[in-house]
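Here are some notes to read alongside the model, for anyone opening it for the first time.

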Amino acid sequence: MRSTRTRGVPGEAHGLPGDERPERALWADVAKGVCILLVVLWHVVVKHYLRIDWGVSPPIPGAWGALTEQLLPLRMPLFFTISGMFAAGAVARPWRVVRRSKVGRFLYLYAVWLLIHTTVLALVPSFDTARADDVADLLAQLTITPSNLWYLYALALYFALAKAARRVPVALVLGGALVLSAMASAGLLEMPGNRGGLYQNLVFFLAGLYFRPLVERLAATAGWGRLALTGACYAGALAAVAMTGSRAWPGVWPVVCAVATVFGVTAAALLGRATLGNALARLGRRTLPVYVIHMPLLALLHLALVPPLSAGMDGGLRIVLAVVEPVVLTALVVWLCLALHRLLLKLRATWLFDLPGLGSRGRRSGGGHRPGAGRPAKRRLLRESAGYPAERAGEKQNMSRSPNGGAGGRGAARSGGSTWKDRSR
């Protein structure tokens, strides 16, 4: 039977949660690969494709718009669920490590790429997307009104909140996050910019964090029957929301997103067993460069493509272009993002994809996981299969060697480990 786990590949350290794990479930990388493709496709369709007057009689542009809109409950909730799953080991570490390796890192990346986006987007004023037009707008995007890079901003806040709430009952934390999501999806909160995404997706990050064993079991037992069932439930939920106009009803949209996430986990697990799964998993381990580069790149491509696509051409050719352009442009944008990433790394511009100095100091302080450090591979796999994240097992072993019984002592390690295990269940 084909393995469902994969080892990290050298040179893939610059990524989002899960990209840095030495061993991880293949299906999770597949899910991340699919999610980043859907993110790029959504932006291609909404910010570029639908802005062109295709002049075709079949409602092809409308079909593309409707399709990508139906994928909204799947894309970011699944992305955040996977991110939450990979956050368990990090949240269990000391505050000084989480503050630098997670909170500080994502805030740094958000600030750096916000400045890059602002500069490039100023060159393409016709590109329809949120941008900072002055210093006040830029300060607002840095603090209270997150930009198109809001996923990075959200991760920084989510890691800090998950760490701060580690001793709070899970039901209370998840309940509060669910209420926040329900209120935001119902439009009961003020949500300028992309703040609504912050409010709505916290519950999915925490669900991945607390219920990782359940999600992994869902993926391990995935089958075609469940895929058909969850797909039908997802389609039925979308149809019911459309017919009743209930999307703004409190609690409805989070439920639809939860159904879509279950469907997404099942589909990713099945894709991971197919040949296509390897390609999607490789992309899933390189989500960061695609996420941060694709928007300014798409803006420049939009500037170059609009004139020729708007010019007169054969009717048959225009219909073909209207059908395939979103897929072709999405693939091109992703490929260019990865190519630029490789080029920037060769030019030693690693500061664009990681907090400077984090690679070495983070590992020495416990911020990085050393594969196989101090324990046989077989024992590590047994611990993981029993529900212990590899990072947590490593931390527990290192803490147990402390000569004193303080915060890093044997007692603290045992207590912290059991608490986290109980919460994961």
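**Notes on the model**

1. Start with a salt bridge: the side chains of Arg212 and Glu216 meet, with N to O at 3.0 Å. Both residues belong to helix α10 (residues 212–220), where they sit four residues apart, about one turn of the helix. An α-helix has 3.6 residues a turn, so residues three or four places apart point the same way. Keep in mind that this is a predicted model.

2. Are the two partners buried or exposed? Arg212 has a relative accessible area of 9%, and because buried means under 20%, Arg212 counts as buried. Glu216 comes out at 24%, so Glu216 is partly exposed.

3. By the rule used here, there are four salt bridges. One of them joins Arg285 to Asp29, with the closest N and O atoms 3.3 Å apart. This pair ties together distant parts of the chain: Arg285 is in the loop between α13 (276–284) and α14 (287–310), while Asp29 is in helix α1 (residues 26–47), 256 residues apart. Arg285 and Asp29 are both buried.

4. Another salt bridge pairs Asp354 with Arg105, and here the closest N and O atoms are 2.7 Å apart.

5. From first C-alpha to last, the 27 residues of α5 reach 36 Å, close to the 39 Å expected at 1.5 Å a residue.

6. Next, α13. Its buried residues are Gly277, Leu280, Ala281, Leu283 and Gly284. They cover an arc of only 160° around the axis, which puts them on the same side of α13. What do the buried residues of α13 pack against? They pack against α1, α12 (252–272), α14 and α15.

7. Helix α3 (residues 72–85) is worth a look as well. Of its 14 residues, 14 are buried, so α3 is largely enclosed by the rest of the structure. Its length agrees with expectation: at 1.5 Å a residue α3 should span 20 Å, and its end C-alpha atoms are 21 Å apart.

8. Now for the nonpolar cores. The largest has 103 residues, and Trp27, Phe80, Phe159, Phe205, Leu206 and Val292 touch the most other members. Helix α1 gives the most to this core, with 11 residues. A second, separate core has 10 residues, including Val45, Tyr49, Ile52 and Trp54. In soluble globular proteins, nonpolar side chains tend to be buried together.

9. Which residues does Phe205 contact, leaving aside neighbours within four places in sequence? The answer is Phe80, Ser83, Gly84, Ala87, Leu155, Tyr158, Phe159 and Ala162.

10. Finally, the overall picture. The protein chain has 19 helices and two strands. Of its 425 residues, 51% are buried. Among contacts with a separation of 6 or more, 78% come from residues 24 or more positions apart.

Terms used: Residues are numbered from 1 along each chain as its sequence is written. This is a predicted model: local features need pLDDT of at least 70, side-chain atom pairs count only at pLDDT 80 or more; totals for chains, interfaces and linings use all residues. Side-chain values use heavy atoms; hydrogens and water are left out. Buried means under 20% relative accessible area, exposed over 50%, partly exposed in between (1.4 Å probe, protein chains only). The arc is that of the directions from the helix axis to the C-beta atoms. Contact means heavy atoms within 4.5 Å. The expected span of a helix is 1.5 Å times one less than its number of residues. A nonpolar core is a set of buried Ala, Val, Leu, Ile, Met, Phe, Trp, Tyr and Cys residues joined through side-chain atoms within 4.5 Å.
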